[in-house]
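The following report describes selected features of secondary structure and packing. Please read it alongside the sequence and the coordinates.

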Amino acid sequence: MTNGSEPALLARELVLLRAKPGSKEDAIRQAAQMLVAGGCVDAAYADSMVRREAVANTFLGEGVAIPHGMGEDRHLVHRSGIAVLQVPGGVEWNPGQHAHLVVAIAAQSDAHITVLRRLTRLIQDRSRLVSLFVTDREQDIVGALSEDTPAQAGGKPAADLAERYEWTVAYPAGLHARPATRWVEIARSYASRVQVRAGNQLADAKNLVALLGLGLRAGDSIVLSADGHDAAAALARLKTVINSLTAQEKADAELAARRRAMPAQGWKAPEAQPAVVGIGASPGLAIGTVHKLSASEGVVPDQPVSLSDGGALLHEALRATRLQLKAIEDDTGRRLGAGDAGIFRAQAELLNDTDLITLTCQLMVEGHGVAWAWNQAVERMAAKLAALGNAVLAGRAADLRDVGRRVLGHIDPTLTGGTLEQLPDAPCILIATDLSPSDTANLDPQRVVGLATAHGGPTSHTAILSRTLGVPALVAGGAGLLDVAEGATAIIDGQSGCLYLNPSAADLDAARAYIDEQQKARAREAEQRSQPATTRDGHRVDIAANVNLPDQVSLALSQGAEGVGLMRTEFLFLERGSTPSEDEQYETYLAMARALDERPLIVRALDIGGDKQVAHLELPHEDNPFLGVRGARLLLRRADLLEPQLRALYRAAKAGAQLSIMFPMITSVPEIVSLRETCARIRTELDAPEVPLGIMIEVPAAAIQADALARHADFFSVGTNDLTQYALAIDRQNPELAGEADSLHPAVLRLIRMTVEGAERHGRWVGVCGGLAGDAYGAALLTGLGVHELSMTPRDIPAVKARLRGTELTALRALAQRALDCETAAQVRALDGADA
Ligand code: PEP
Ligand code: MG
């Protein structure tokens, strides 16, 4: 496919049918002549193409040759283009190898890869390829080499298999490695063939690289289809998993957007100007000596061994690497968390790629050594991924090279190319072209205090890992970064992405003071997280965690949680393919309460709809799901969902669980009245104890009418995520508006204030379980507004507690009043610290 503004790579005039070159050189010169005539190259390019044959083999296989010029002669290329000589009788390219299509390439930038990608796809369709050797229509050849889709016999559209499921990619970051790995795992657990089609492109759903190669972005329409005795089950399970991953993907994207929208607070050097400005990838400030990693372009020797020995060696190396990656996954999971561990699971999946193994074997059959063949195959596949022009896939190329290096080390331990072995003893700031995820995960933060890479992006696995490790990092520093002198003293600011070189004594002093302050703050937080969030003037705020599963409770308690303020039960539905039975729900609620050991537990009734779609419920499509039948509105329409859940909850209460029930998305009094009636009936039927019944305040109408609602609800919990969305009329998932969807907007704060006032009139307490509660400054403001309980992601608890313990309620009240009077969210943010 060509970009409308650029000339096509191949035009009819550049195809010569029924050519009869006398020799290979004659064929090359004829093709070169066409490129010259087409204005693609200078006449001297023909000699360059001939010279290239002396140093490289341009026979691609299957009757196709791809002559092209020397790299250093690229200046002779005026524009990218290809010329094709069709030679029905064939021309001998190498002894025993005949070319029927001579595809001469004149390439600037990555056009070469584009042509190769199309050719390799074409080669897989032997019958179509052979038809091009004899066709008498130039257009057939132009068409075949202009398609980015896999070649289809007779131009027929790609066909789906027997069972189909259509889906529009709803992952904001597209289908990247981690969700794709889950798809592949599920597809593999069934015998049926499963494929994914996007337009006319097909991929085997059991092959990760093929799946990633589709380059699926949010909004793309795809069809999953399957064929075989368990096809229907395979698709049903895939559908469930795909949809359940959507919620997680959206939550991740929201969090990332919120983080990006946060103002870059931080450090300012009193004197120095930054020497390098990249993209901040992991916040924090560090001082160290520059240590540069030389790019380990280790040459992999080509030492042929017998095919059977080579095959055995490869098999064993792959097995050992899989075991090693499993161990790294486990270790990373324990040290850094399951999300980061998934990076290595996705890497292990790359090893199962059949194309990679096939290519390695082909090269070995051609007589190459196993290490060389493996390395070539990895490099070729990585180049293919990198050339697709998609940042996510370019990131996978880095993963593929990383995992490829591991395998190489198992084939021949001298080829490991360990880059981080000779680190200096003093704390260093590591500078590298790029760094592999494996190397990053294994960094010792005591020795490597900062990390700066010339390439990479803030969403690369390397950046994710450095954030988890707490090592300040900048990425995309550019080639100039590599000119920095080894051993220079530097300050790295991972928040702003700046590297300062040879700082003055004043800069160093300022940086040391800042780092010292940050360290002290972290130490204080750790020490204080088990203490209650009591302000200096003795006002206690209850601090709870947002936790969905019993086995996550212990982590929350270790972070200082005093209970669970929000258990999102829809996740019990989202993560499995069916509605959990009443008994299963009962077990889960009871287990949750037991894990909390009498601490408070607020279970939110199902909040389905909006961004949380449960595929197996097959709810009707809505044009505006956030304004549709979601939360309490759905519960009131679906007794089959509401009543088993309430029965399970009351049975758990009867068995001793200390719990409260909370209803989401309440907009008006009749809703809560009706829900209460159902609760009362079920409680009576079960002879269960009374439990507090609360509601979420997520809609402006509920905040405005809080006094009326407070008559009927025992407590309120403000969902600031939705309240912000509905108050500001900003879709909470719209990345474009993420910076404006600010819960500190004075309008949102006024709605919270109204909620507190309404609740006070009837002696009810108010909590907040939306994202604002986990923001230390937000928590301070909410306390000043009169909120009694804050429930948040467990890792946010220490900083929130520290913030509240360091201030006074009277100061927070004054702060809140000033915030309510502000005109903009920015003004509210600017008040941060005014209570100190
Ligand atoms: C909220 O809206 O703030 C909230 C806590 O609910 P959820 O994020 O699950 O919609
Ligand atoms: Mg909500």
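## Sheet and helix packing

Helix 1 (residues 24-37) lies across strand 1, strand 4 (81-94) and strand 5, and runs at about 165° to strand 4. Helix 5 (residues 138-146) likewise lies across strand 1, strand 4 and strand 5, running at about 110° to strand 4. Here helices (H or I, at least four residues) and strands (E, at least two) are DSSP runs numbered from the N terminus, and angles run from 0 to 180 degrees between N-to-C directions, with axes being lines fitted to C-alpha atoms, for helices over the stretch in contact.

This is a predicted model, in which local features need pLDDT of at least 70 and side-chain atom pairs count only at pLDDT 80 or more, while totals for chains, interfaces and linings use all residues. Residues are numbered from 1 along each chain as its sequence is written, chains are lettered from A and ligands numbered from 1 in the order in which they are written, and side-chain values use heavy atoms, with hydrogens and water left out.

The five strands form an open sheet of order 1-4-5-3-2 with mixed pairing, where two strands pair if DSSP finds at least two bridges between them. Strand 1 (15-16) and strand 2 (59-61) are the edge strands, each pairing on one side only. Strand 3 (residues 64-65) pairs with strand 5 (residues 97-106) in the parallel sense over two bridges, and valine 64 has leucine 101 in strand 5 as its bridge partner.

| Helix pair | Axis angle | Axis distance |
|---|---|---|
| Helix 27 and helix 28 (residues 797-805) | about 50° | 8 Å |
| Helix 11 (residues 354-365) and helix 12 (residues 370-386) | roughly 135° | within 8 Å |

Helix 27 is therefore oblique to helix 28, and helix 11 is oblique to helix 12; angles under 35 degrees count as roughly parallel, over 145 as roughly antiparallel, 65 to 115 as roughly perpendicular and the rest as oblique.

Among the residues in contact (heavy atoms within 4.5 Å), Ala776, Tyr777, Ala779, Ala780 and Thr783 of helix 27 meet Ala799, Val800, Arg803 and Leu804 of helix 28.

Threonine 783 lies in helix 27 (residues 776-784) and counts as buried because its relative accessibility is 1%, buried meaning under 20% relative accessible area, exposed over 50% and partly exposed in between (1.4 Å probe, protein chains only). Apart from neighbours within four places in sequence, threonine 783 is in contact with His539, Val541, Leu790, Leu804, Leu809 and Leu812.
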